[in-house]
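These are my notebook entries on one structure. I set down what I looked up, topic by topic.

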Amino acid sequence: MPAPSLASVAVGRPVRGEYTYSVPESLSGRLSPGQRILVPFGRSMTLGFFLGPAAPPAESANVKLKPILKVLEDSPSLPPDLIALLRFAAEHYRYPLGEVIRGALPPGLTKAEEEKEAKPDVQEFAEALVTEAPAALRRAPAQSATLAYLLTVGGRVPVEEVAHAIPGARETLRKLASRGLVRLEQVVLAPGVREGLGQNRPEHLTPEQDAAVKELHAAVDTGGFQPFLLHGVTGSGKTEVYLRAVERALEQGKGSLVLVPEIALTPQLVGRFRSRFGADVAVLHSALKDRERLFHWQALRKGTVRIAVGVRSAVFAPVENLGLIVVDEEHDPSFKQEDKLRYQARDLAVVRGKQAGAVVVLGSATPSLETLENTRRGRYRKLELKHRVDDRPMPTLQCVDLRQERPKDPLQTQEAPILSQPLLDAMAETIGRGQQVILFLNRRGHSTFLLCEVCGTSVKCGDCDVCLTYHRSQNRLVCHYCGEAHGVPEHCRECTGPLLKLGIGTERVEAEVAERIPQARVARLDRDSATSAERLTELLAAFARREIDVLVGTQMVAKGHDFPGVTLVCVVMADTSLAIPDFRASERTFHLLTQVAGRAGRGKDPGRVLVQTYNPDAEPVRRMLAHDFEGFSEGELERRRALSWPPYTRMAAVRLEGESAEQTASVARFLGDFIGRHMPPASWGVRLLGPAVAPISRIRGKTRWQLLLKAPTHAALAPLLARLEAKLVDIPSAVRVTIDVDPAAML
Ligand code: ADP
Ligand code: ZN
């Protein structure tokens with residue numbers, strides 16, 4: 001590239017657009033795109049990013065461009081394909097480019113300082129030398145948990161990763177090493193170091209896996225952007241397909257990026273990548289320390305580590321020579337970031353694949369309707385795994401109609417029991433056979449609301465427009481939106497009537513199991529019980545070791561777990577997510593039910609699923625009970641089309657939040673007028689819904705309003721959104737306005 005005289009620069013400040021700077025003679029030979037630089041901005045200096053040469057400003061006559069002051073690094077922190085992705089993200093999600101870049105970089109690179117090496121490319125690894133924990137360890141819970149983690153993950157595990165999962169693990173690992181239970185070693189990372197490759201590699205693929213792998217290999221060999229949907233039923237061995245595709249990319253000298261919803265919940269998946277590819281894998285999770293984040297960034301950037309496995313933010317990982325992107329559980333809501341840059345990592349993964357010329361695999365047993373529609377339109381190729389590995393049967397599904405389970409005795413309460421007789425029988429039988437049970441209910445706490453028996457008033461949070469949940473273990477009422485805990489009132493505040501504890505949560509289910517099946521060893525997995533990563537790891541490990549018979553939990557139990565001992569899955573109430581005022585409620589319910597059912601019968605013993613519900617005829621429940629993904633999706637897509645919801649429209653939400661109810665309402669109306677005045681021609685089909693008070697009208701004492709925009713395409717919305725973003729500088733800072741493009745949550 002000839003040395004540019006003008007440079008396009010993203011400044012690391014919350015400002016829109018790219019800025020043009022002049023390039024002083026002394027620096028012209030040193031500039032390459034993606035470098036961190038120092039530029040004057042306003043009256044001070046700031047970190048900037050050199051993005052490429054700039055065209056001279058149009059009416060530049062009397063604009064005196066400021067010069068770049070300094071180049072902070074010789075090899076650019078940002079590779080070219082990532083610059084393209086970050087530019088796209090800033091534009092699409094209406095967020096300042098400099099902030100988008102700073103958000104993607106590890107903190108070590110976001111200061112206006114010269115580059116420093118994180119540390120030499122040496123990483124410390126730990127490996128278990130035993131296959132199970134010796135009895136002596138029972139009295140050392142920290143050591144026992146740490147060893148359990150190593151055994152679950154398998155192979156050599158970076159010490160840094162264990163220390164993330166289990167606080168204090170560095171010290172604990174030294175103790176385990178001195179007892180001879182663990183080996184610690186320093187590994188020098190270099191391209192091609194692949195010890196461990198081949199561990200746990202099944203010799204034969206299933207015919208369906210084989211067909212999918214062949215297609216992916218061919219795509220990786222040809223190179224270029226090729227998107228696939230890997231639709232494989234639960235337990236069909238999707239992970240092995242990903243692993244084989246990553247192997248092929250490595251053989252071709254290409255890097256891979258694997259996105260997963262939550263690492264702490266799926267240590268097994270990480271373990272399979274780790275044991276297959278050893279030190280060639282960087283595991284990127286949200287709790288990495290700054291130094292570790294920098295280390296991984298630089299190792300990936302240099303190509304000494306060629307595979308990144310990580311959560312949504314890893315979509316920005318600087319994998320060298322990117323050949324393959326995998327998004328596992330692509331339907332999972334956690335791929336959407338809900339603050340700052342509100343991106344959808346699955347969508348960005350596809351964009352990145354297009355820009356980098358990489359193969360993209362979106363995998364799921366329950367693909368999102370967005371992805372399904374892209375497949376129907378021929379944009380993505382579909383690969384299918386319709387059968388489980390080893391021809392294991394899909395679990396049998398049975399409905400328990402709670403309307404029939406209500407006690408007939410008029411003197412008894414009208415509520416159905418939490419655990420119906422069929423459920424209790426099935427649980428007792430399963431536990432009797434030495435097998436395990438998962439009970440799923442997507443509500444935490446003991447009772448989800450308190451209601452006055454006399455006047456019907458429910459107890460609400462003072463700061464939020466929601467009911468408080470009763471947590472018996474803490475004997476507190478907790479707001480699940482602001483987290484505030486309150487004492488439990490004896491009587492109704494309005495009329496002093498007695499308060500009923502209604503609505504079942506996981507805590508109550510756990511208590512019920514303990515009471516009805518006293519011989520069962522019960523544990524609970526939800527955000528209240530898994531308070532730390534340590535607790536979570538230990539819980540999952542204990543369940544895997546079969547020290548727990550019944551695991552009660554929220555959607556945390558529905559994730560990709562692979563516990564062969566689980567032969568019975570019970571859904572305590574399928575109805576909880578049906579009535580949420582969100583056009584995705586039905587899809588979300590179907591996904592959750594199908595995913596949790598998929599935890600049953602993954603080992604050699606067949607699985608069984610019981611679903612308790614008051615709505616056996618509701619579409620998602622009925623279709624899930626019939627294993628009918630196709631039928632559900634067809635019907636739901638029709639409904640979405642008829643009502644003009646995504647994937648047949650694109651949306652953007654403008655959300656407002658302010659202390660003052662009047663001021664927030666008036667800004668909402670102001671923005672409504674502004675949008676009305678700048679509406680594109682009617683033929684573009686843009687529609688404005690609102691301004692309206694948000695479905696949850698108050699959170700943390702702040703009043704919430706929203707405006708929804710719908711249009712047939714994103715392109716029809718884009719100019720309006722750009723105008724709106726520019727207008728936001730005029731909004732009083734007491735009202736916070738955010739633009740959420742392709743929003744996920746409707747509340
Ligand atoms: P999915 O992600 O599709 O639900 P997994 O990838 O977790 O399924 O695979 C289910 C189980 O089958 C895992 O325990 C995995 O190790 C095993 N498995 C996958 N492929 C094979 C194969 N070809 N031969 C034997 N076992 C396999
Ligand atoms: Zn609250």
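Entry 1: helix α8. I began with the residues of α8 that are buried, namely Pro267, Leu269, Val270, Gly271, Phe273, Arg274, Ser275, Arg276 and Phe277. I take buried as under 20% relative accessible area, exposed as over 50% and partly exposed as in between, with a 1.4 Å probe and protein chains only. Helices (H or I, at least four residues) and strands (E, at least two) are DSSP runs, numbered from the N terminus. The helix spans residues 267-277 and is mostly covered, nine of its eleven residues being buried. Gly278 follows α8 and has a positive phi, near 55 degrees.

Entry 2: conventions. I note that the model is predicted, that local features need pLDDT of at least 70 and side-chain atom pairs pLDDT 80 or more, while totals for chains, interfaces and linings use all residues. Residues are numbered from 1 along each chain as its sequence is written, chains are lettered from A and ligands numbered from 1 in the order in which they are written, and side-chain values use heavy atoms, with hydrogens and water left out.

Entry 3: domains. I read the assignment as domain 1 (6-104), domain 2 (122-188), domain 3 (207-383), domain 4 (396-445 + 505-640), domain 5 (449-502) and domain 6 (650-741). These bounds come from an automatic or database domain assignment. Taken over C-alpha atoms, the centres of domain 4 and domain 6 are 39 Å apart.

Entry 4: the zinc site. Which residues coordinate the zinc ion (ligand 2)? I found Cys461, Cys464, Cys479 and Cys482, each through SG, at 2.3 to 2.4 Å. Donors are N, O and S atoms within 2.8 Å of the metal (3.2 Å for Na, K and Ca); water is not among the atoms, so sites may look incomplete. Along the chain the donors follow the spacing C-x2-C-x14-C-x2-C. Cys461 lies in the loop between β18 (447-452) and β19 (469-471), and Cys482 in the loop between β20 (476-478) and β21 (485-486), so this pair ties together parts 21 residues apart in sequence. Cys461 is buried at 5% relative accessible area, and Cys482 is buried at 15%.

Entry 5: ligand 1. I listed 17 residues around ligand 1, the closest being His204, Gln209, Gly235, Lys238 and Asp562. A residue is counted here if one of its heavy atoms lies within 4 Å. I then looked up polar contacts, which are pairs of N or O atoms within 3.5 Å. A polar side-chain atom of Gln209 lies 2.9 Å from a nitrogen atom of ligand 1. Asp562 places a polar side-chain atom 2.6 Å from an oxygen atom of the ligand, and a polar backbone atom of Ser236 is 3.2 Å from an oxygen atom of the ligand.

Entry 6: salt bridges. I counted a salt bridge where a side-chain nitrogen of Lys or Arg is within 4 Å of a carboxyl oxygen of Asp or Glu. The structure holds 58 of them. Arg352 pairs with Asp81, with the closest N and O atoms 3.1 Å apart. Arg352 is in helix α10 (residues 345-356) and Asp81 in helix α1 (residues 80-92), 271 residues apart. Arg352 is buried at 1% relative accessible area, and Asp81 is buried at 16%. Arg376 and Glu634 also form a salt bridge, 3.0 Å from N to O. Arg376 lies in helix α11 (residues 369-376) and Glu634 in helix α18 (residues 629-642), so the pair ties together parts 258 residues apart in sequence. Arg376 is partly exposed at 40%, and Glu634 is partly exposed at 42%.

Entry 7: backbone. Most residues other than glycine have a negative phi, and most peptide bonds are trans. I noted a cis peptide bond between Pro646 and Pro647, with omega about 10 degrees. Pro647 is in the loop between α18 and β27 (650-658). A cis peptide bond also joins Gly690 and Pro691, with omega about 10 degrees, and Pro691 is in strand β28 (residues 687-699). Arg94, not a glycine, has a positive phi of about 50 degrees. Arg94 is in the loop between α1 and α2 (97-104) and is buried at 11% relative accessibility.

Technical notes: A polar contact is a pair of N or O atoms within 3.5 Å; within protein, one must be able to donate a hydrogen and the other to accept it, and residues adjacent in sequence count only if both atoms are side-chain atoms.
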